[in-house]
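Visitor: Please show me the model. I would like to ask how its terms are applied.

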Amino acid sequence: MLESEAYQRAVAARRPVYAEFGTRAYPDPNKGFLHRMFSTLVPTDLTDNNVTAMYRIENEVFAASETCFVHSINPETLDKKERVDFNKIAGTMFLSAHPLADADGTVWNIGSSMLTGCKYHVVKIKPTGSGKAADALKEAKVVATISSTWKTCMSYFHTFAMTENYIIFVEQPLLINCMKLAQIGIKGKALKDTFEWTPTEKNRIYIIEKDTGNVIKTKFITEDPCFVLHNINAFEREEQIVLDIIAYPNPSCLEKFTLTALRQNEFNNNDLSQTYRYVIPLVRFVVDITEDENLITIPEFEGSAVRRGDAVVLKPQSMAEPGLELPTINPRYTGRHHRFFYASGTFDTGYYKNAACKMDIETGKMALYKTGSRTEYCGEPTFIPKPDINTDEDDGVVLIPVSSGDITKPDYLAILDSKSFQELARAEFDTKFVQCLHGTFVPLL
């Protein structure tokens, strides 16, 4: 367990004193009313309960959630080393839990702030050669800032995508109401209680040039609104950006895991996730484009991109049966043309029940790995390529954490051959690790 400040103060107070994503905060008996009022109206006193993801910067491992606080972790003992505050480093109050790295080790992330207006910030962290994250973080800088479409709200985001030359950010119509956010401590609310779903709006996709930080001014919007947690990957092709995502018709999936629903043995399988491919033409002057003409030049793509008024409207192509989550690819193909991705059925009871999958986008074929038990659930796959850089894209192993709802059975890590998607071995654990979200592979140094 990460002994964060949120954890330590909760233990001392015998109740949560930081508002979490879905858990309300209670007044800290060690803090006075004026302190609670100040930290609520100016919400820099955010949780450091880094439950969501593990990732690497240089040779160091970090635990993260979606606030500005992350912790560096000793990968051998899992002890907390130090807490890093991205609000001080880059002026971001919230931060994506999924930074992405270029081949040269440059790390990119997207954060947001609200104290001077609702804004999104693209953060660049260049490697220094020392292997120490602290040295790289000293050089971190904001290379682009985008104002929110809404004055008192900003889009909730969990991730972003990038190609070799561009950052892709999806501003979606699930909004964080900043007026509500400023009152969560006083009113005893969680972050999720500040969300507002506005389906009359569309998703807007921003394209940012990595070299210059310039934002392409063309307005790219989706034909229908959707809720996005995870991108699969993006790449450039023929002056177009191909963006693969996991999308939901609405954010009702967030209600599946409330304690009320779980205690009543309810699990809503409606509004399942969709695997979409969007193609975004790199149009810079929309007025020069004929209206309602499909701008996509990729012949096998079944969606479209057409100019309507002052915007380019994007219609996606569906790529797989509904119900996938926690997608991943061979990390060597981040930002490059990929053919395969791997994903999990998590807790859903449909097509991917108790399974993980390998998807071949080129052929449309899918391979499933079934756990063999209805009480076992797959977490996020992790692809580890073979050390030889000249191997095929799907040459390596896939690690899948499997958690069992049966307390008499062990949780385990399934190790699959990535080509055949058949189990090679497994490592069982004496302790339960519950359901895994996002991990990272740390090679022996």
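Guide: A nonpolar core is a set of buried Ala, Val, Leu, Ile, Met, Phe, Trp, Tyr and Cys residues joined through side-chain atoms within 4.5 Å. Buried means under 20% relative accessible area, exposed over 50%, partly exposed in between (1.4 Å probe, protein chains only). This is a predicted model: local features need pLDDT of at least 70, side-chain atom pairs count only at pLDDT 80 or more, and totals for chains, interfaces and linings use all residues. Residues are numbered from 1 along each chain as its sequence is written, and side-chain values use heavy atoms, without hydrogens and water.

Visitor: Which residues have the most contacts inside the largest nonpolar core?

Guide: Ile125 and Phe341, in a core of 66 residues. Strand S8 (residues 119–125) gives the most to this core, 4 residues. Strands are DSSP runs of E, at least two residues; helices are runs of H or I, at least four; both are numbered from the N terminus.

Visitor: What makes Glu380 a buried residue with no salt bridge?

Guide: A salt bridge needs a side-chain nitrogen of Lys or Arg within 4 Å of a carboxyl oxygen of Asp or Glu. For Glu380 the nearest side chain of opposite charge, Arg56, is 14 Å away. Lys and Arg count as positive, Asp and Glu as negative; His and the chain ends are not counted.

Visitor: What joins the side chains of Glu380 and His438?

Guide: A polar contact of 2.9 Å. The term covers N or O pairs within 3.5 Å; within protein, one must be able to donate a hydrogen and the other to accept it, and residues adjacent in sequence count only if both atoms are side-chain atoms. The Glu380 side chain also reaches the backbone nitrogen of Gly439, at 3.4 Å.
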